[in-house]
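Hi everyone, thanks for coming. I have a structure to walk through with you today, so let me put it up on the screen.

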Amino acid sequence: MIVLCCKCGIRMQLNAANMCVNCLSSENNITEGLRKHFELKHCPECDSYLQPPRNWIKIQLESKELLAFCLKKLQKDLNSNKVRMVHAEFIWTEPHSKRIKVKLKVQKEIINGVILEQSYVVEYVQREQMCESCSRVQGNPDQWVAAVQLRQHVSHRRTFFYLEQVILKHDAAGRAKKIKEVDNGIDFFFSSWSHGAKFVDFLGKVSPVRLGSRGDKQLVSHDPKSNNYNYKYTFSVEIAPICREDLICLPQKVAAGMGNFGPLVICTKVTNNIVLLDPFTLRHCFLDADQYWRASFKSLLTSRQLVKYIVLDLDVINSAEATIDGRKYVLAEAQVARISDFGKNDTIFSIKTHLGNLLKPGDYALGYDLYAANTNDIELDKYKSKGLVLPEAILVNKSYEEKRGKKGLKPGLWKLKSLPMEVDDKGEIEKDKKNKDYEEFLRGYKENPELWFNLSVTEGEEAPSVPLDEVMAALDLSEEEDGDFLMEE
């Protein structure tokens, strides 16, 4: 029903107040009495906000979490004035202004049941105040509450180079106050027990680890008046000493428990699971951390002992192929010779290999020379005593180095990010050994394109590249990648 407004006389729809919206707004201000200014305590070091009385929470600027945090402060004021909030949004402000502005739409019942809606702006002023943990660190930079001691008992650091990239990719050590490189591992120092525990949980998702201690505590100080105790906590984390491309001789009990698997197998991938492949039958298995540590074992030979071979002839065995975790393997019989034998002798080895889909005569491959290897392994001796005949060589991977030549990864074209680590005195002494491990680690990137998505390259630089045919040979596009974190080494 169309009527005239009792104030201004314009035509309007009939309502209980007989007044148009403009007149109602001029006669009634429902935002009067509502607070429009608040203060937020903000820690500039860790970018967190104080949730009274003592809880500090980390929130991104202009996030929905920050909007909810701001609205919570004025909810009591709205309820006391019987005003209902229907919409809220941020108004852009300069980041250095230390101001956060929120535009609100509110409703309130006024004359004769008529509901009026109005908008207004609430301003939040950021007051800088360091939280307790940052204050302690500021006063004493070396002070920490929780330490995570990460170790792997192997002769190289390739695992830590790759794990460093995974940590940077997911910003898992963003709350670490100090990171120190030590012999056989890395130490991470945090300002609270919860930060250390969260980092340990992350490590368990990307690598097969064993937790030696979950926060062993040591008393630092005690205030008898307030009965407050201050402790330091230590987490001891050990990574399984199995790396990608390692040759393993499985213990008899382990092999029997897997259905007489192996016993000579190759580790093809390490995430939170260890993937093992029998290169003679293409059988494979997945071991999670619990399964491995119940009956742990070590590598027979590692990638430092790889020998370069040339493929002289290759015949694919019909119907002998398998796809394991997105990579295709084909069984083949091959004749190979060591590169080091050229010009010295005519030694040729006839072997079986799982790389029938990647290799062809004239290609180079990396493998283990069991013909000349001097192994000292109790489990292998047990198998030999039962009649096991070792193959003369086991190929592990195709080598693209010679064919790529100058098109490969050149130092200086790109650079990986690194964690800000302190190095102890022993680390400085073993710098040459560390550089060799880093070169071997980069070789894994060159010849395994599927590892690149975990690269953390410095800003302004591009990730490495190899020819397309090598990428297609290394990847099986018919399989979808899983969603797990990848920590291959």
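Let's begin with a question: which residue in β13 is the bridge partner of Val148? The answer is Phe235. Please keep in mind as we go that this is a predicted model.

That pair belongs to a wider pattern. Strand β9, residues 146–151, pairs with strand β13, residues 228–239, in the parallel sense, over six bridges. β9 also pairs with strand β11, residues 185–190, and there the sense is antiparallel, again with six bridges. On that side, Gln149 has Asp187 of β11 as its bridge partner. And is β9 buried or exposed? Five of its six residues are buried, so the rest of the structure largely encloses this strand.

Staying with buried residues, have a look at Ile324. You'll find Ile324 in strand β18, which covers residues 307–324. Its relative accessible area is 3%, and because buried means under 20%, Ile324 counts as buried. Ile324 and His284 are 40 residues apart in sequence, yet their C-alpha atoms are 7.7 Å apart in space.

Now to the surface. Where does positive charge gather? Lys58, Arg175, Lys177, Lys198 and Lys205 form a patch of positive charge there. Let me pick out Lys198, which sits in helix α5, residues 193–206. Lys198 has 65% relative accessibility, so with the cut-off for exposed at over 50%, it counts as exposed.

Next, some backbone geometry that I think this group will enjoy. As a reminder, most peptide bonds are trans, and most residues other than glycine have a negative phi. Here are the exceptions I'd like to show you.

Starting with the peptide bonds, the one from Pro52 to Pro53 is cis, with omega near 10°. Pro53 is in the loop between β4 (48–51) and β5 (55–58). Gly262 and Pro263 are also joined by a cis peptide bond, with omega about 10°. Pro263 is in the loop between α6 (252–257) and β15 (264–270).

That loop between α6 and β15 also holds Asn260. Asn260 has a positive phi, near 55°, and it is exposed, with a relative accessible area of 63%.

Finally, what is the phi of Asp171? It is near 50°, a positive value in a residue that isn't glycine. Asp171 lies in the loop between α4 (158–170) and β10 (176–182). With a relative accessible area of 59%, Asp171 is exposed.

Conventions: Residues numbered from 1 in each chain as written. Predicted model: local features only at pLDDT ≥ 70, side-chain atom pairs only at ≥ 80, totals over all residues. Heavy atoms only, no water. Patch = residues over 30% accessible without salt bridge, like charges linked within 9 Å, V, L, I, M, F, W, Y side chains within 5 Å. Areas by Shrake-Rupley, 256 points an atom, 1.4 Å probe, with all protein chains shown as cover. Salt bridge = Lys/Arg side-chain N within 4 Å of Asp/Glu carboxyl O. Lys, Arg positive; Asp, Glu negative; His and termini not counted. Charge placed at Lys NZ, Arg CZ, Asp CG, Glu CD. Helix = DSSP H or I, 4+ residues; strand = E, 2+ residues; numbered from the N terminus. Buried < 20%, exposed > 50% of the residue type's maximum accessible area, 1.4 Å probe, protein only. Pairing = 2+ DSSP bridges.
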